[in-house]
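This briefing concerns the packing of helices and the arrangement of strands in one structure. The sequence and the model are shown first, and the points follow by topic.

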Amino acid sequence: MTKKPLVAVTGASSGIGEAVARTFSDAGHPVLMMARRIDKMESMGLPDSICLEVDVRDRDAIKAAVADAEAVYGPVDMMFVNAGVARLADIGRQPPEEWDEMIDINTKGVMNTLHSVMNGMMERKTGTIFMMSSIAGRKVYPDHTVYCGTKYFVHAVSESIREYLSDYNVRVIVLSPGVVETEVLSGVLDEQTLAEYKENKVKMGGGIGPEHVSEIMLHSYQMPQNALIQEICITPTRQKF
Ligand code: NDP
């Protein structure tokens, strides 16, 4: 049986990244899994997987991880640029260190990840890049100020590289989920913001599951290379804003 191409995921140790690693693995792909908590990735026990401890802020570490996995399984055909943190807070009381962290991980980390596969895909004239933005990359929330800024960044970069990479037959798909049940709220340290977020979540009947996101991603990936779903905006039906 011909092996399916290698796929790579940042933030594969929990939440949506974990679901995507599982869904693509179940579909027969070898998977490069990257995050800081290597034990969590290894405990998933996926076949044909390589788990590497990578902080997306470290450009050389991502590059090396991609090279290591490609030496075993061949070129990365799909990169999920997913790792991110959501330090949601009232901007008036938020410590600036939280801005630094979000900007470093959610914007510079995104560029580092993109850079690790982009040139190879351009040379091969094929590939798919999923860019993790958010509904907060389409509309602002007053207590998500810097998080929204980072996700608007992802939207802008995604649209720009989609146009740029179209000449190379490389697909760029931006994801804009609403509330998804993951560990993301563990990053919200501002108690009032967390309480208000949870209250809104209850009103909408809870978030969707990460597997709903990973399943639609697999479907988009499995479309012919000349068919591009440019954006996936998926939310709970009862999510108003
Ligand atoms: P989780 O907290 O469950 O997952 C976040 C993942 O990112 C973890 O695997 C974490 O791994 C990884 N990560 C964080 N910082 C780094 C870093 N510096 N280097 C490498 N990996 C890192 O949350 P989600 O699955 O929800 O989040 C995934 C993405 O989805 C994020 O970009 C988030 O903004 C976005 N999103 C989430 C929504 C939601 O409602 N859940 C809605 C819209 C978008 P580790 O700590 O092991 O490094």
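H1 and H7 pass each other in a right-handed crossing, a crossing being right-handed if the near helix is turned clockwise from the far one by less than a right angle, and left-handed if anticlockwise. The model is predicted, so local features need pLDDT of at least 70 and side-chain atom pairs count only at pLDDT 80 or more, while totals for chains, interfaces and linings use all residues. Residues are numbered from 1 along each chain as its sequence is written, and side-chain values use heavy atoms, with hydrogens and water left out. Helices (H or I, at least four residues) and strands (E, at least two) are DSSP runs, numbered from the N terminus.

**Helix H1 against helix H7**

- The axes of H1 and H7 (residues 210-222) come within 8 Å and cross at roughly 50 degrees; axes are lines fitted to C-alpha atoms, for helices over the stretch in contact, and angles run from 0 to 180 degrees between N-to-C directions.
- H1 and H7 are therefore oblique to each other (angles under 35 degrees count as roughly parallel, over 145 as roughly antiparallel, 65 to 115 as roughly perpendicular and the rest as oblique).
- In this contact (heavy atoms within 4.5 Å), H1 contributes residues including Ile-16, Val-20 and Phe-24, and H7 residues including Val-213, Met-217 and Tyr-221.
- By class, the H1 and H7 contact holds nine nonpolar, three polar and two charged residues; Ala, Val, Leu, Ile, Met, Phe, Trp, Tyr, Cys and Pro count as nonpolar, Asp, Glu, Lys and Arg as charged, and the others, Gly among them, as polar.

**Helix H4 and its partners**

- H4 and H5 (residues 145-166) have axes that come within 9 Å and cross at roughly 15 degrees.
- This angle makes H4 roughly parallel to H5, and the crossing of the two is right-handed.
- Among the residues in this contact are Trp-99, Met-111 and Met-118 of H4, together with Tyr-147, Phe-153 and Ile-161 of H5.
- The contact of H4 with H5 comprises 16 nonpolar, three polar and one charged residue.
- The axes of H3 and H4 (residues 96-124) come within 7 Å, crossing at roughly 45 degrees.
- That angle makes H3 oblique to H4, and H3 passes H4 in a right-handed crossing.
- Arg-59, Ile-62, Lys-63, Val-66 and Glu-70 in H3 are set against H4 residues including Asn-112, His-115 and Arg-124.
- The contact of H3 with H4 divides into three nonpolar, four polar and four charged residues.

**The sheet**

- Seven strands form an open sheet in the order S3-S2-S1-S4-S5-S6-S7, with parallel pairing; two strands pair if DSSP finds at least two bridges between them.
- Strands S3 (49-53) and S7 (231-232) stand at the edges, each with a single partner strand, so one side of each has no neighbour in the sheet.
- S1 (residues 6-10) and S4 (residues 76-81) run parallel and are joined by four bridges.
- Val-9 has Phe-80 as its bridge partner in S4.
- H3 (residues 59-73) packs on the sheet, touching S1, S2, S3 and S4, and its direction makes about 160 degrees with that of S3.
- H1 (residues 15-26) lies across S1, S2 (31-35), S4 and S5 (128-132), running at about 160 degrees to S4.

**Aromatic pairs**

- The count comes to three aromatic pairs, where rings of Phe, Tyr and Trp (its six-membered ring) pair if their centres lie within 6.5 Å, and planes under 30 degrees apart count as stacked, over 60 as edge-to-face and the rest as tilted.
- Phe-80 and Phe-130 form an edge-to-face pair, 6.5 Å centre to centre with 85 degrees between the planes.
- Phe-80 lies in S4 and Phe-130 in S5, so this pair ties together parts that are 50 residues apart in sequence.
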